[in-house]
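Here is a short report on one protein chain. Look over the sequence and the fold before reading on.

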Amino acid sequence: MRRRPPAGLGPAPAVLADGRALSAAMLRQLFVGQCLVLALHLPWMPAWLAGLAVAVAGYRHLQLRRRLPRASLLLRLTAVGGLLAALWLEFGTLYGVDGLIGLLLGVYLLKLLETHDRRDARVVVMIGVVATSGAFLHDQGLLMAGAALLALGWLVQSLVWLSGASGARQAWRETAWLLGLSAPLMALLFVTFPRVGPLWNLPQVNRASTGLTDEIAPGDIAELSRSDARAFRARFEGREPSPHERYWRVYTLSHFDGVRWSRTAPRELSSVLGRPLDHFAREGQHTPWTDDAPRFTTELLLEPDSRPWRPSLGTPLASDSRQRFLADGTLEGLSPLGSRSLLRLASSGAAPSNPDPAGPAWQAMLPAEGNPRTRELAERLRRESGGDARAFLAAAMARFGEAPFRYTLSPPRLSSADRVDEFLFGSRAGYCTHYASAMAVLARAVGIPARIVVGFLGGEWHPDGHVTVRDYDAHAWVEVWLDGAWRRLDPTGVIAPERIEEGPQAIRDGREAFLADAPFSALRLRELGWANQLRLEWERLEYRWQRGVIGYQRASRAALMERVSERLRALWAWLIEVSPGRGTLAAVATLLVTLGGLAGGAWLLWLGWRHHRRGRDERALLLVLQAWLARRGLGPAPGESPAAHLRRIAPLAGAAGPALEESARHIERLAYAPVGSAERRERQRRLARRVVEARRRLGRRKSSAP
C-alpha cells in the first residue's frame, strides 16, 4: 500500500516504507532533540542560537509544505559563513572553548537544512550526542547531569525510531530497555576504570570564581556584597574553626601607591630585588617556610577559576597534591582550574610565623608624599604610646571603634588624591578595605611592617557539616610584623563585630546593596523557613554529587578498591569457616555451588520476564510461533500474511486447528480494528493462551506444508 507524502508537521508515520525519505514527524523529533541539547548550553551561549534553531525549523516546515525549495548549496554555505561571522563578533575568536562549542551547536542546528533521509538524520542525532557531552565543559552539577540524561534519552529514542520502530511508544520502550541494560556497565566502568587525562587540550575558559583581583582600593570589596556567586566549599576533618577563626587567605598586597594596594608576584620580586625565585616561591606538597603544627585539615571543593589562587585557613602547610607555596603565606596551584576540583589542605589557622624574604623595609614602604594628616595622626599616636609598637597598634585599633566611624555596605565614593585622609577625617564610613587600608598606612607611617591580606571571612554552615563561601564573604584585613611573627589585625572586628560572627548580611547600614546583583537569589528567602530548608537540601545534594561523583578521582578509586578488597578477603575467610570441610578446596566448592544457584535463579527470572514481555507484545509472540512452525515444516509462504498463514495450516494441525483459527482472528482484530486499551490487553492475553495451546497440541508432530 502506497503512503501519501506528509503535508506538514501533523501526525505522520516516522519513516516511509522505503526507509529513505523522512516524514514531518521525524523532522519534528529531530528539532525537539535540538531544542533539548541547545537548552543545556544557552545559559553560557548567545541567545541568538535559539533564533537560528527556529529559523532552520521554519524553513524545513515550509519546504515540506512545498512553499519553499530544498536548501541549495549556496544557501547552506551562506548560513555557515554567517554563523562563523556571528561567533567571531560574539567571542572575538574561534580558538577557545566558547567559540568551538558555539561552532558545534551552529553546525548541529544547520545540519537540519540538508537532512532528507535516514542517514542524514543519524548524523544529526550523533552530532547532538557530542554536543550533549560538550555541555559538561560549562557545568558538571547535578541539574546539568539530569538535563543531559533527558536529552540523551530523547536522542537515543530518535535513533530507535529511525531504526524502524512502529511508533513513539515502542521507541521509548526500547530506549528504556537499552539505557537500563547499559546502566550497570556504565556504573562498573565509572567505579573501576582508571582516570586518564584528556587526549587534547583546549584553551581554558577565562572564568573566575570570585570577584577578587590583584589590586584593591577602598570600597572595591564592597561591590562583592552584591553577588551570591559561589567561591568554594569546605569540609573539615577533625576540629572545626569558630567564626572568628574562619579567615580564608587568598593573597597579600604589599605595594601601596597612595591610592591602591597591589600584589607583587614572586617573579617580579625576584627581578626587582635581585634574588633567586625560590626565595619567594617553591613547589611541593609541604611548605618550606615554616614548621608550624597543622591546626585544621580541610577538604576544599574549588570552583573553576582562570587564576591559580587557592584559599587556605590561615597559613597553608601541606596539601595532597603538588602546589606552589609562597613565602608570604599564600598558596597557588600549578595551573588554573578548568572545572571543579577537590583539594585537601592542612593549615595553621593563623598568620605566618616566618619573615618575608623581601625584608621589613619592603613591607613598610609608603610614597614619599600623600595623606599628610594620616601620617601626622600616626606620629601623635606613637608619641602617646611611648614608642611601644603594641600600645600604638592598640590605640589605632581603638580609634576605629569610636564615633562617628561606621561600617556600611554602601560607602561614599572617595575621590581625592589623599583617600586615606579623606576616609579618616572626612567620610568616616566604609567597608573592610577602607579600614584595612587605613590601618596598614598608619602602621607603615611609624615603621611597622604591614600588609593587607585579601580573602574571605566566614561562610554558611550546612546541616551536613560543610561550609559554602560566596563572593559576598570577601574580606580584607591587616597583618603586621611584631615580636618575630606576623600578627593578624582586623579593624572590622572593632567597628562591626557582627560582621565577624554573622557575615555581611548582618550589616544594617546600606543593607539594600546586599545581593543587589542577584535579585532572584534563593538566599533572599533565608527568613522563610520552608524555602530556606529546600535551598539547603538542594545544596546538600549538589555538594554530595560534586564531591562523590565529579570528585571521584584516582585517590577515591584507590580507597574504594582497597575497601572492596578488604570485604572480599573477609568474605573468603567466612566461606572457609562455614564450608562443610576445611581448606581452600571446600571454600571453592561452596562458592561454585552458591554462584550456580544464583545463576539458575537469574535464568528462571529471565525466562519469566521474557514470557511476560511476549504476552504483552503480539508481534513478538507471533514471530516466535511462526519460527516454531517453520522448524516443523509449517512455515509461511512468500508474501503470506500471519492470519492467512495460520488459517492455511489449521486443517493440517489436527487438535491444534481451533487454537490456530482463534489466534488468526485475534491477530486481525489487534492489527486492523480500532480497539481500546482494555480490549487490547484482553485479546493479547487470549492470543498468548491460544499460542501456548497450539504448540502444546502440535507437540513434536512432523508435518509438511502443501
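## The chain as a whole

This is a predicted model. The protein chain has 706 residues, and buried residues make up 44% of them. Its secondary structure comprises 21 helices and 19 strands.

Take the contacts between residues at least 6 apart in sequence: 70% of them join residues at least 24 apart.

The largest nonpolar core holds 69 residues. Four of them touch the most other members: Trp-248, Leu-393, Ile-452 and Phe-456. Helix H12, residues 432-445, gives the most to this core, with nine residues.

## Leu-442 in helix H12

Helix H12 also contains Leu-442. Is this residue, Leu-442, buried or exposed? Its relative accessible area is 1%, and the cut-off for buried is under 20%, so Leu-442 counts as buried.

Leu-442 touches Thr-374, Leu-377, Ala-378, Phe-392, Ala-396 and Phe-400, leaving aside residues up to four places away in sequence. Leu-393 is 49 residues from Leu-442 in sequence. In space, their C-alpha atoms are 8.8 Å apart. Leu-393 is also one of the residues named above for touching the most other members of the largest nonpolar core.

## H11 against H12

Helix H11 covers residues 419-427 and packs on H12. Their axes are 10 Å apart, at an angle of about 110°. Angles of 65 to 115 degrees count as roughly perpendicular, so H11 is roughly perpendicular to H12.

H11 brings Val-420, Phe-423 and Leu-424 to the contact. H12 brings His-434, Tyr-435, Ser-437, Ala-438 and Val-441. By class, the contact of H11 with H12 has six nonpolar and two polar residues, and no charged ones.

## H2 against H3

H2 and H3 pack at an angle of about 170°, with their axes 12 Å apart.

From H2, Trp-48, Leu-52 and Tyr-59 take part in the contact. They meet Leu-75, Leu-83, Ala-86, Leu-87 and Glu-90 of H3. Seven residues of this contact are nonpolar, one is charged and none is polar.

## H20 against H21

Helix H20 spans residues 657-672, and helix H21 spans residues 677-698. Their axes come within 9 Å and cross at roughly 150°. H20 and H21 are therefore roughly antiparallel to each other. The crossing of H20 past H21 is left-handed.

On the H20 side, the contact is made by Ala-659, Leu-660, Glu-662, Ser-663, His-666, Ile-667, Arg-669 and Leu-670. On the H21 side, the residues are Glu-679, Arg-680, Arg-683, Gln-684, Arg-686, Leu-687, Arg-690, Val-691, Glu-693 and Ala-694. The contact of H20 with H21 divides into seven nonpolar, three polar and eight charged residues.

Most residues other than glycine have a negative phi. Which way does the phi of Arg-66 go, positive or negative? Arg-66 has a positive phi of about 65°, although it is not a glycine. Arg-66 sits in the loop between helix H2 (48-64) and helix H3 (73-91). Its relative accessibility is 69%, so Arg-66 counts as exposed.

Asn-371 is not a glycine, and its phi is positive, at about 50°. The loop that holds Asn-371 runs between strand E12 (341-347) and helix H9 (372-384). Asn-371 is buried, with a relative accessible area of 3%.

## Arg-390 in helix H10

Arg-390 lies in helix H10, residues 389-400. With a relative accessible area of 48%, Arg-390 is partly exposed.

Which residues does Arg-390 touch, not counting those up to four places away in sequence? They are Leu-482 and Asp-483. Arg-390 and Leu-482 are 92 residues apart along the chain, and their C-alpha atoms are separated by 8.1 Å.

Definitions and conventions. Residues numbered from 1 in each chain as written. Predicted model: local features only at pLDDT ≥ 70, side-chain atom pairs only at ≥ 80, totals over all residues. Heavy atoms only, no water. Core = buried A, V, L, I, M, F, W, Y, C linked by side-chain atoms within 4.5 Å. Buried < 20%, exposed > 50% of the residue type's maximum accessible area, 1.4 Å probe, protein only. Helix = DSSP H or I, 4+ residues; strand = E, 2+ residues; numbered from the N terminus. Axes fitted to C-alpha atoms, helices over the stretch in contact; angles between N-to-C directions. Parallel < 35°, antiparallel > 145°, perpendicular 65-115°, else oblique. Left-handed = near helix turned anticlockwise from the far one by under 90°. Contact = heavy atoms within 4.5 Å. Nonpolar A, V, L, I, M, F, W, Y, C, P; charged D, E, K, R; others polar.
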